[in-house]
Amino acid sequence: ACALVLMPWYLSITPPESFLPTPINFLYLLIFASFCTIGMYILQIQSLEKISAFTVNLTYNLEPIYSIILAMILFGEAKDLGLSFYIGLAFIALSVGLQTWSVMRIQKRVAALDKLTAEDSDKKPHPVFIEPIGSRKERE
């Protein structure tokens with residue numbers, strides 16, 4: 001709301017060259033909007049069928065760490081990072097490791113439970129449908 005109120009004042013101080021994007025910039029915006037927004041959301045929804053929402057959220061929260069590590073590799077920015085960064089990075093890596101271990105442990109439990117359930121279902125007699133009194137055979 002504040003930006004909308006201040007927009008006329010801002011445009012009077014710094015008038016833009018053109019309010020609308022050029023045709024090539026409009027094409028780029030259309031490509032990025034369709035691929036980077038819609039396409040990624042579709043992939044996110046599809047990934048939620050396979051992995052938990054917590055794990056997906058954890059990867060989103062790790063995005064700044066990926067960016068910092070990539071900057072360290074590509075631009076040699078590691079010299080500006082101190083001990084506190086590496087301690088924080090160790091805590092984050094520990095949390096990711098614990099989450100992975102927890103998910104794997106739960107999956108092993110579920111697999112073992114499924115195996116036991118399958119073995120027990122083979123030993124139990126299967127239910128037989130008994131027609132109620134006054135069934136079709138008696139009526140005939």
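**Helices and buried glutamines**

Me: Where in the fold is the place of Q99?
Reply: Q99 has its place in helix 5, which covers residues 83-123. Helices here are DSSP runs of H or I with at least four residues, strands are runs of E with at least two, and both are numbered from the N terminus. The model is a predicted one, where local features need pLDDT of at least 70 and side-chain atom pairs count only at pLDDT 80 or more, while totals for chains, interfaces and linings use all residues. Residues are numbered from 1 along each chain as its sequence is written, and side-chain values use heavy atoms, with hydrogens and water left out.

Me: Why is Q99 called buried?
Reply: Its relative accessible area is 15%, and buried means under 20% (exposed is over 50%, partly exposed lies in between, with a 1.4 Å probe and protein chains only). Q99 therefore counts as buried.

Me: Which residues is Q99 in contact with, leaving aside its neighbours within four places in sequence?
Reply: They are S52, F54, T55 and L58; contact means heavy atoms within 4.5 Å.

Me: And what makes Q44 buried?
Reply: Q44, found in helix 2, has 19% relative accessibility, so it too falls in the buried class. With neighbours within four places in sequence set aside, its contacts are V56 and Y60.

Me: How much of the protein counts as buried?
Reply: Of the 140 residues, 6% do.

Me: How do you know which pattern the protein follows?
Reply: The protein has six helices and zero strands, and reading along the sequence gives α-α-α-α-α-α.

Me: What makes helix 3 oblique to helix 4?
Reply: The axes of helix 3 (residues 53-61) and helix 4 (residues 63-75) come within 4 Å and cross at roughly 40°. Angles under 35 degrees count as roughly parallel, over 145 as roughly antiparallel, 65 to 115 as roughly perpendicular and the rest as oblique, so helix 3 is oblique to helix 4. T59, Y60 and N61 of helix 3 make the contact with E63, P64 and Y66 of helix 4. Axes are lines fitted to C-alpha atoms, for helices over the stretch in contact, with angles from 0 to 180 degrees between N-to-C directions.

Me: How much of the accessible surface belongs to carbon and sulfur atoms?
Reply: They hold 71% of about 12700 Å², by the Shrake-Rupley method with a 1.4 Å probe; for residues, only the protein chains shown count as cover.
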